[in-house]
Each structure stands twice: as C-alpha cells, then as structure tokens.
Amino acid sequence: MQIPALIVDSFRESLDRKIFWVMLAVSLVVAAAMSCVGFAPGMVDVFFGSWRIETDVFTVGGELRTDLIATVAVDYILDTVVGSIGTILALIATAGFFPAMLERGAIEVVLSKPIARLKLFLGRYFGAMMFVLVHATVFVASTFLVLGLRWGTWMPAYLLCIPLMVLLFSYLYCVSALAAVWSRSATAAIVLSLGAWVFFAGVQGIDDCFILYPKLAEHQRGHVLATTARWMVPKTQDLIYNAKRWTRAAGGMELVPASASATADPELLRGAARVEQARLEIPAYQTIGSSLLSEAAIVLLAMWKFSRRDY
C-alpha cells in the first residue's frame, strides 16, 4: 500500500502548483472555443450562427463527413493542445517532483522512513502520471462532449486518446526523471526532456524521409540504420496515428487547402500521404510496445542511479 499512498501524496503536491490550475483552465477554454463552432451539411457556423461559412469540404451526398471532423479534432486540436502545448506544460509542472524530494534536508527526512528507495521512486514517477491523467481526462472528456453535442459526431474511440496522451508524456518524463535524479535540477530535467523530444522526433523524421523521397531508399544501409534507430527510441510521433486509426479519421492531406495544393510540389504531397499511410498501417501494439521497452530501459537506469546514489 506504500506506492499508492506515495502516488496520491505526489498528486496532492501538484494541486498546490499554479500551473495545475492553468492547465485545467486551458482545457476548459479550448472546449468552450470548440463549442462556438458547429458543422452542418454545406456549411460551418461560428459563434452559434452569427457567422456562417458555406463549404462542401465536410459534406458528401448531403451528409456530414464524420471522418474529416475527426481529423480536425485529432490533427488540429488534440495534437496541438495536448500533444504539444499540454505536454510541454506538463513537463514543466512535473520537472520539480524529484528535485524537490532530493533537496538537502528533505531527502534525509524521506530516507529516514521505512520505505524502500525503489518504492519512493515509483511513487514519484507514477504521481506525475496521475497528474497528466487528470488533465488528459478533463480535456478529452470535455471535447468529446463538444464533438457529440455541438459537432454532431459521437466517437467513443476518441476517449482512447486519454491513455495515448499519458503515454506520450511518459515517453518524455522518463528522461526528465533520469535528469532530475542525476542533477537534482528541475531546469536540467526540463531542458533534457524537451531535447529528448526533439531527438526522438528527429530520428523518426529521418526514417520518414526514406518514404517521402523514394530515391533515398536506394541507399539500403542508410535505410536499415534509420529504421533500426527509429525502433530503438520512444515513438512520440506515432501516437497521433493511433488516435486517427481508432477514431477512423480521414487522411490529414484531405484538409490541405486547394490553394496550397495548387502551389505545392505534387510529388511532395504524395510523399506526405505515403508517410501517413505507412505509419497508420503499423499495428499499435508494435509501436507502443517498442516505445515502452525504450522507456523502461531509461526508467531502470534512473531507478539504479536513485538507489545507488549517496544523498
């Protein structure tokens, strides 16, 4: 029972941080903003009918295209608000979980209690997961209601985005925890976790280039190295594809404005569509499972450092 108690204790500490309430307010504001937009056959209305935009983009045969509405929700709202802004805020908010415990004077009190170090680590680690779980639940649940009540599209699978958002955070927080245990610095934890995010995305982007530009595939050794590297890091970019697959969202390229399509390189657009399709075809258990193995390796290193270090 010690680990659950430590998780709850860590979460209660987060309630005292202003950023907790800032993130909660952002989620509710985004849901409120979404409710100001509505979809109907042949048009999109803004501010409850005060401004109507006639468009057939979301309509086919007189019926709304729920797959494109799902794409708007997943690609442009969920990915941006929770997948980018929300994750950054969550990393900033939780970066101090370990350094606060490791401060001189505090760590001596904690270690004097009859609690194993590994339990202390796991309590803090999963306390951060609970922090993100609460915010992901509030955001996804509130936007889910807007999608159904205002946008006319009920997507039960959209609720699966809650664990996906927690997974995205966990892929990065393992680096934050390792940096915090090693340096006792919240700043180092933030900088290194954000740097890891850029690195992970870069590794996946290099592999995507071999699909985007078919001529690169002729360099088989480079392709094998890029693919191997991609499967060795947490795949932060793939979670949005799982969300799109489960919600039956349309391809993101279908929402590219006609004006942009006319001026863009057609081959580049086809390549982007190939990348998206290739990632959508990867089974969720493979991309999530391999990412969790990578995360586990980093967490084990952090736990080893925490258990061996002389505080």
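Are Tyr125 and Tyr173 buried or exposed? In this predicted model, Tyr125 is buried, and Tyr173 is buried as well.

The ring centres of Tyr125 and Tyr173 are 5.4 Å apart, and their planes meet at 45°, so the pair is classed as tilted. A stacked pair would need planes under 30 degrees apart, and an edge-to-face pair would need an angle over 60. Tyr125 belongs to helix H6 (residues 117-149) and Tyr173 to helix H7 (residues 161-183); the pair therefore ties together parts that are 48 residues apart in sequence. The two tyrosines also belong to a cluster linked by ring pairs, in which they are joined by Phe98, Phe121, Phe126, Phe169 and Phe306. In the structure, the count of aromatic pairs comes to 11.

Lys305 lies over the face of Trp182, at 4.6 Å from the centre of the ring. The charged end of Arg230 likewise sits over the ring of Trp231, at a distance of 5.7 Å from its centre.

Side chains of opposite charge can pair when their charged atoms come close. A search of the whole structure finds eight salt bridges. One of them joins Lys244 to Asp75, with the closest N and O atoms 3.2 Å apart. Lys244 is found in helix H10 (residues 239-247), while Asp75 is found in helix H3 (residues 66-94), so this pair ties together parts that are 169 residues apart in sequence. Both partners, Lys244 and Asp75, are buried.

Another salt bridge is formed by Arg279 and Asp207, with 3.1 Å from N to O. Because Arg279 lies in helix H12 (residues 266-280) and Asp207 in helix H8 (residues 186-212), the pair ties together parts that are 72 residues apart in sequence. Are these two partners buried or exposed? The relative accessibility of Arg279 is 8%, and Arg279 therefore counts as buried. Asp207 has a relative accessibility of 4% and also counts as buried. Salt bridges that share partners join Asp207 and Arg279 with Asp208, Arg230 and Asp238 in one network. Arg230 and Asp238 are both buried.

The surface presents another kind of feature. Which residues make a nonpolar surface patch? Leu145, Leu149 and Trp154 form such a patch, with an area of about 360 Å². Leu145 lies in helix H6, the helix that also holds Tyr125. With a relative accessible area of 43%, Leu145 is partly exposed, whereas Tyr125 is buried.

Finally, the reader may turn to two strands. Strand E1 (residues 37-40) pairs with strand E2 (residues 43-46) in the antiparallel sense, over four bridges. Together E1 and E2 form a hairpin that has two residues between the strands. Gly42 is in the turn of this hairpin and has a positive phi of about 85°.

Definitions and conventions:
Residues numbered from 1 in each chain as written. Predicted model: local features only at pLDDT ≥ 70, side-chain atom pairs only at ≥ 80, totals over all residues. Heavy atoms only, no water. Phe/Tyr/Trp six-rings, centres within 6.5 Å; stacked < 30°, edge-to-face > 60°. Buried < 20%, exposed > 50% of the residue type's maximum accessible area, 1.4 Å probe, protein only. Lys NZ or Arg CZ within 6 Å of the ring centre and 35° of its normal. Patch = residues over 30% accessible without salt bridge, like charges linked within 9 Å, V, L, I, M, F, W, Y side chains within 5 Å. Areas by Shrake-Rupley, 256 points an atom, 1.4 Å probe, with all protein chains shown as cover. Salt bridge = Lys/Arg side-chain N within 4 Å of Asp/Glu carboxyl O. Pairing = 2+ DSSP bridges.
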